[in-house]
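Here is my note on this structure, as numbered points. Please read it with the model open.

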Amino acid sequence: MTEWRIKEISDLTKTSIRMLRHYDKIGLLEPTYRSSNGYRCYTEQDLAKLQQIIALKYFGFSLSTIKTILQKHHNIYAHLQAQQQVLKEQSVHLQQVNDALGDILKHLSPSETPNWNDLITLIERYRMTENLRDKLKKTWAGQLSEAQFEEYLFIYEQFPKEFAERDKIVEQINNKELGDPSSSDGEQVVHFMHDLAKKMKKLFAKQVKLNSSLLNDIQSGKISQFQTTPEGTLWLSQAMLSYWLKCWNKLYDTIVENLKSDPKGKVGKKVADEWTGLIDDYFAVGSRSLLTGIILWQDIAKQHHDLEGLKEMPSPQEMIKKVHVKLFFNPEAVSWISQALEAHAK
């Protein structure tokens, strides 16, 4: 049987000697025996237990809870199966862990202890994610609560390449390295962010829950820093609004160009499809009903807030200045697109 002294097991698993001593002190991982000169000596069984501790720590359990779990459940095979089940909920970044567990379980019987080389492989896979955890803790995400951070980490791990690219873009925005938000730089950023949001649609419910929690903490002052600086947030907001406004203004120009065409004909269908396509694309990032309701609610609340702040009603001319939709000022265009949408409604 292979054995290691404390420094050897520390070097092998990248677990600090201090942490191993702490595990020993609290009775979480006591070495199988001590040598005649007092050195802690760890066996393959101890290494198997250490792998379980590292995995359970990653899954968010406290050391006291881990100790209770390990006292009640001694079967390493069952632990590996449980870890594999949890990891199935994750993807991309954790796929290597899942594959490693699968390989071990293929040639392991319930009564056997995994080969120590296999256990080291598993530890290395988990360490990869711990490195990401440490990296994110040093960013704006370090101010999040433990629960918020775990939610953010989980979402991040599903799209590691995309999030890493997003982080680079945010850094460029914060450093003012990009051009005017209404330029091609802004459009490229919006395209990337929107495509990422569409990929993350399956996690929409998690995002809504996390965002709600963050908004509450921002309101109470617990969170004072976004990933983007105030200037960066302004740039990104301008880029997004500019992009969508360009899309709708371009569509308006298409409507005007085709006013002499039959709105119920082929041209009308094409323009109607472009109209509904814009809407579909905008709502492609999440629940259409939820997002529609939120937009309407926010608009109504904003109008109510603006009216409450008025000492007297502005003149009709002043009120009209707040209407920015070109279509409203073109009765013929309103009638044309209305007929086209009604005739070609999906």
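1. Strands β2 and β3 form a hairpin, with five residues between them. Gly-38 sits in the turn and has a positive phi of about 95°. This is a predicted model: local features need pLDDT of at least 70, side-chain atom pairs count only at pLDDT 80 or more, and totals for chains, interfaces and linings use all residues. Residues are numbered from 1 along each chain as its sequence is written, and side-chain values use heavy atoms, with hydrogens and water left out.

2. Two bridges join β2 to β3 (residues 40-43), and the two strands run antiparallel. Tyr-33 stands opposite Cys-41 in β3. Strands count as paired if DSSP finds at least two bridges between them. Helices (H or I, at least four residues) and strands (E, at least two) are DSSP runs, numbered from the N terminus.

3. β3 also pairs with β1, in the antiparallel sense, over three bridges. Here Trp-4 has Tyr-42 of β3 as its bridge partner.

4. Contact means heavy atoms within 4.5 Å.

5. Which way do the side chains of β3 point? Arg-40 and Tyr-42 point one way, Cys-41 and Thr-43 the other, and all are buried. In a regular strand the side chains alternate between the two faces of the sheet. Buried means under 20% relative accessible area, exposed over 50%, and partly exposed in between (1.4 Å probe, protein chains only).

6. The largest nonpolar core has 29 residues, and Leu-20 and Leu-80 touch the most other members. Such a core is a set of buried Ala, Val, Leu, Ile, Met, Phe, Trp, Tyr and Cys residues joined through side-chain atoms within 4.5 Å. Helices α1 (6-13), α2 (17-25), α3 (44-58), α4 (63-72), α5 (76-87), α6 (95-106) and α7 (116-137) each supply at least two residues of this core. α3 gives the largest share, six residues. Apart from this core lies another, of 25 residues, among them Met-193, Trp-235, Leu-327 and Ala-333.

7. Look at Leu-80 itself. Not counting residues up to four places away in sequence, Leu-80 touches Gln-51, Leu-101, Ile-104, Leu-105, Leu-108, Pro-114 and Leu-122.

8. Lys-67 lies in α4. Is Lys-67 buried or partly exposed? Lys-67 is partly exposed, because its relative accessible area is 28%. Beyond neighbours within four places in sequence, Lys-67 is in contact with Ile-26, Gly-27 and Leu-28. The C-alpha atoms of Lys-67 and Leu-28 are separated by 5.6 Å, although the two residues are 39 apart along the chain.

9. Now the whole chain. The secondary structure comes to 16 helices and three strands. Buried residues make up 38% of the 346 residues. The C-alpha atoms fill a box of roughly 95 × 50 × 35 Å, taken along the principal axes.
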